[in-house]
Amino acid sequence: VRVAPARNAAFEILMRVETTDAYASELLHSSRFNRLSTTDHALVTELVMGVLRWRTILDNQIALRCSQPVAKLDREVLISLRIGTYQLMFLDRIPPHAAINESVELVKQARKKSAAGMVNAMLRKLAETRFAQKADASNFRAAHPDWLVERWKQTHGPVIADKICRYNQSVPPTAVRINSNSANVGTAVPGCPVGKFRPGHLLANAAIVVGDVVQTVAAREQRLIIQDEASQLVALLIGEGKNILDCCAAPGGKGRIIAQQNPNANIIATDLHPHRAKLIRKLVTEPNVHVVAGDARTMPFATKFDRILVDAPCSGTGTLARNPDIKWRLNPQDIDRLQRYQIEILTAAMKHTAQGGRIVYSTCSLEPEENQQVLERAIAADSSFCVVDCKDELRKLRDSGELIWNDLDSLLIGRYVRTIPGLHPCDGLFAAILQRE
Ligand SMILES: C[S@@+](CC[C@H](N)C(=O)[O-])C[C@H]1O[C@@H](n2cnc3c(N)ncnc32)[C@H](O)[C@@H]1O
């Protein structure tokens with residue numbers, strides 16, 4: 001049996017996610033895997049994301065048919081079993097014998113020949129099972145660590161917690177930013193076949209991709225940048241400035257929009273990690289943007305800025321549909337650790353803000369500890385800042401025709417912007433605006 005390239009790639013990516021700190025979504029878009037054919041790329045994406053989204057459900061099925069505890073299985077064996085089980089449970093179009101035989105082969109390739117018989121027998125038993133209601137609310141919840149679901153119930157209530165869990169188990173829309181109105185998106189992006197786009201839900205200059213765009217000329221030439229609509233919205237909150245700092249800028253998605261909106265401003269984009277700072281230059285090519293690697297907590301700037309974006313490193317719990325690996329990596333203690341870090345970064349940014357200047361603080365976290373609490377604590381320590389009501393900013397964006405989502409109140413919590421996956425058709429993001437009096 002020869003293992004299909006997509007299953008080999010899925011095995012390799014899932015191994016790397018388990019054994020290193022690499023993210024599945026970044027690996028899938030890396031040059032190594034972008035070389036796969038469009039069909040193979042779609043299948044490897046489906047397998048990797050499917051296994052990560054449903055990991056606990058798959059492991060429960062494996063445990064029912066395994067003579068030893070799942071935790072004791074060799075990693076290579078467990079990952080091959082997960083790939084096989086996912087296909088048997090969730091992918092109707094894959095013939096069971098292909099799913100079974102190739103998982104057995106993956107185990108052999110990984111030099112775990114002695115486990116091949118067991119994998120074969122377990123997957124055959126699984127293939128005979130009729131699975132009822134794989135996709136119901138209890139399974140949506142069970143596909144998450146309990147502590148996260150409990151947290152969302154406390155913060156957002158049980159109904160919204162269920163919506164978040166359901167959304168996380170679906171393939172999220174792939175949004176892009178286009179530079180002309182999405183009414184004519186079919187022809188807006190040269191190098192992309194007509195019919196590849198639908199209009200955005202939140203923004204007039206966003207479009208939703210139908211199918212896979214990774215292989216298109218437009219994507220290769222960077223004319224098409226994949227960016228969630230909520231993330232585009234946060235960048236738009238910066239508005240216009242003369243001296244702008246984007247202090248946690250890599251890979252540069254929001255910075256790119258800020259640069260396009262501010263062709264005459266002096267813009268500095270920084271990121272802690274030099275290799276990540278290099279990524280910014282790929283996305284943000286405007287000559288008025290200066291890219292510097294450095295720590296936002298201690299960077300010495302000669303000037304004060306009238307606009308600062310603090311798009312803080314965060315838990316990422318608003319992006320689990322896109323990054324399902326995060327839910328298995330995160331620990332409850334991470335949230336407090338991140339909060340302390342976020343306060344340090346925001347406090348430093350406040351020191352660099354000119355009088356009358358504004359900071360947009362944002363995260364892609366659903367946890368109030370990383371959002372409202374960070375602001376409250378930072379402001380408590382510096383009373384020269386006040387919170388700007390984001391509703392006014394959203395109204396301006398709507399009046400300008402950019403924001404097309406009608407229910408502004410649903411995008412707000414108090415004076416802050418926040419989107420919730422499942423309630424809105426996008427990632428969960430939080431954004432607040434602070435102004436120095
Ligand atoms: C949420 S991401 C930023 C995404 C980016 N704004 C965009 O729209 O593409 C947070 C970034 O902060 C960077 N970072 C973490 N700690 C930092 C620090 N102390 N100073 C500057 N950047 C930091 C991380 O490397 C990461 O690239």
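Q: In which strand does Asp 271 lie?
A: Asp 271 lies in strand E6, residues 266-271. Helices (H or I, at least four residues) and strands (E, at least two) are DSSP runs, numbered from the N terminus. The model is a predicted one, in which local features need pLDDT of at least 70 and side-chain atom pairs count only at pLDDT 80 or more, while totals for chains, interfaces and linings use all residues. Residues are numbered from 1 along each chain as its sequence is written, and side-chain values use heavy atoms, with hydrogens and water left out.

Q: What makes Asp 271 a residue without a salt bridge?
A: A salt bridge requires a side-chain nitrogen of Lys or Arg within 4 Å of a carboxyl oxygen of Asp or Glu. Lys and Arg count as positive and Asp and Glu as negative, whereas His and the chain ends are not counted. For Asp 271, the nearest side chain of opposite charge is that of Arg 276, 4.2 Å away. Asp 271 is therefore buried without a salt bridge, given the cut-off of 4 Å.

Q: How do you know that the side chain of Asp 271 makes a polar contact with Ala 250?
A: The side chain of Asp 271 reaches the backbone nitrogen of Ala 250 at 3.1 Å. A polar contact is a pair of N or O atoms within 3.5 Å; within protein, one must be able to donate a hydrogen and the other to accept it, and residues adjacent in sequence count only if both atoms are side-chain atoms.

Q: Why is Ile 238 called buried?
A: Buried means under 20% relative accessible area, exposed over 50%, and partly exposed in between (1.4 Å probe, protein chains only). Ile 238 has 3% relative accessibility and therefore counts as buried. Ile 238 is found in the loop between helix H14 (229-236) and strand E5 (243-246). Not counting residues up to four places away in sequence, Ile 238 touches Ile 258, Arg 307, Ile 308, Leu 309 and Val 360, contact meaning heavy atoms within 4.5 Å.

Q: What makes helix H15 mostly covered?
A: Of the nine residues in helix H15 (residues 253-261), seven are buried. Among them are Gly 253, Lys 254 and Ile 258.

Q: Why is Thr 155 called partly exposed?
A: The relative accessible area of Thr 155 is 35%, so Thr 155 is partly exposed. Thr 155 is found in helix H10 (residues 146-156). A polar atom of its side chain lies 2.8 Å from the backbone oxygen of Arg 151.

Q: How do you know that Glu 150 and Lys 153 form a salt bridge?
A: The side chains of Glu 150 and Lys 153 meet at 3.4 Å, N to O. The two residues are three apart in helix H10, and so are separated by about one helical turn. Glu 150 is partly exposed at 39% relative accessibility, as Lys 153 is at 33%.

Q: What do Arg 358 and Glu 393 form, and how far apart are their closest N and O atoms?
A: Arg 358 forms a salt bridge with Glu 393, the closest N and O atoms being 3.3 Å apart. Arg 358 lies in strand E9 (residues 353-363) and Glu 393 in helix H20 (residues 390-399), so the pair ties together parts that are 35 residues apart in sequence. Arg 358 is buried at 17% relative accessible area, and Glu 393 is buried at 11%.

Q: How do you know that strands E1 and E3 pair?
A: Two strands pair if DSSP finds at least two bridges between them. Strand E1 (residues 174-177) and strand E3 (residues 206-209) share four bridges, in the antiparallel sense. Ala 175 stands opposite Ile 208 in E3.
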